Amino acid sequence: MQKIYYGAPGTGKSFEVNKYLKENHIPDDRIFRVTFHPEYSYGDFTGQLLPTVVRTGANAGDITYDYAKGVFTLALEKAYEDTSKEVYLVLEEMSRGNCAAIFGDIFQLLDRETEGLNRGY
């Protein structure tokens, strides 16, 4: 299910989301929250390769490139761990970021099949 709360700043959108999560006893490990801003990107949302300095061992000081998972990937992994439990991805301040650039092709995944073998996907 996707639900969008909208309104002017200070009208209680985040309050309502937090209230819902608390009243329904949603554990913190099933809630993923992110705030969009003008510099937020698709790579931040889904994940990206980032340089990392090796701190110890024979290769100390070398730079490697490791995949840093974004909030969407972390939420998706959690959802696949136990498909009987819901995962909540809370996107704050969507209007501040470039949603088309942040979501990229993922936006099309919001449409789900309503019939056939892939129903619900």
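## Close-up views of the predicted model

View 1. Thr73 counts as buried, at 17% relative accessibility (buried means under 20% relative accessible area, exposed over 50%, partly exposed in between; 1.4 Å probe, protein chains only). This is a predicted model: local features need pLDDT of at least 70, side-chain atom pairs count only at pLDDT 80 or more, and totals for chains, interfaces and linings use all residues. Residues are numbered from 1 along each chain as its sequence is written, and side-chain values use heavy atoms, with hydrogens and water left out. Thr73 sits in helix α3, residues 71-81. Helices (H or I, at least four residues) and strands (E, at least two) are DSSP runs, numbered from the N terminus. Leaving aside residues up to four places away in sequence, Thr73 touches Phe45, Thr46 and Tyr67. Contact means heavy atoms within 4.5 Å.

**View 2. The buried residues of α3.** Val71, Phe72, Thr73, Ala75 and Lys78 are buried in α3.

**View 3. The Lys69 and Glu77 pair.** Lys69 and Glu77 form a salt bridge, with 2.9 Å between the closest N and O atoms. A salt bridge is a side-chain nitrogen of Lys or Arg within 4 Å of a carboxyl oxygen of Asp or Glu. Side chains of opposite charge can pair when their charged atoms come close. Lys69 is partly exposed at 43% relative accessibility. Glu77 is also partly exposed, with a relative accessible area of 36%.

**View 4. The Lys85 and Asp82 pair.** The closest N and O atoms of the salt bridge between Lys85 and Asp82 are 3.9 Å apart. Lys85 counts as partly exposed, at 48% relative accessibility. Asp82 is partly exposed too, at 27%.

**View 5. The Arg96 and Glu93 pair.** Arg96 and Glu93 meet through their side chains in a salt bridge, 3.3 Å from N to O. Arg96 counts as exposed, at 54% relative accessibility. Glu93 is partly exposed, at 37%.

**View 6. A salt-bridge network.** Salt bridges link Asp29, Lys78 and Glu81 in a network. Lys78 is one of the buried residues of α3. A search of the whole structure finds 6 salt bridges.

**View 7. The whole chain, for context.** The protein chain has 4 helices and 4 strands. From the N terminus on, the elements run α-β-α-β-β-α-β-α. The radius of gyration is 18 Å, well over the 14 Å that the globule rule gives for 121 residues, so the protein chain is more spread out than a compact globule. That radius is taken over C-alpha atoms, and the rule is 2.2 Å times the number of residues to the power 0.38. The C-alpha trace spans about 50 × 45 × 30 Å along its principal axes. Of the 121 residues, 21% count as buried. Among contacts with a separation of 6 or more, 56% come from residues 24 or more positions apart.

**View 8. Charge across the chain.** The protein chain carries 13 positive and 18 negative side chains, and the centres of the two sets lie 7 Å apart. Lys and Arg count as positive and Asp and Glu as negative, while His and the chain ends are not counted. The place of a charge is NZ of Lys, CZ of Arg, CG of Asp or CD of Glu.
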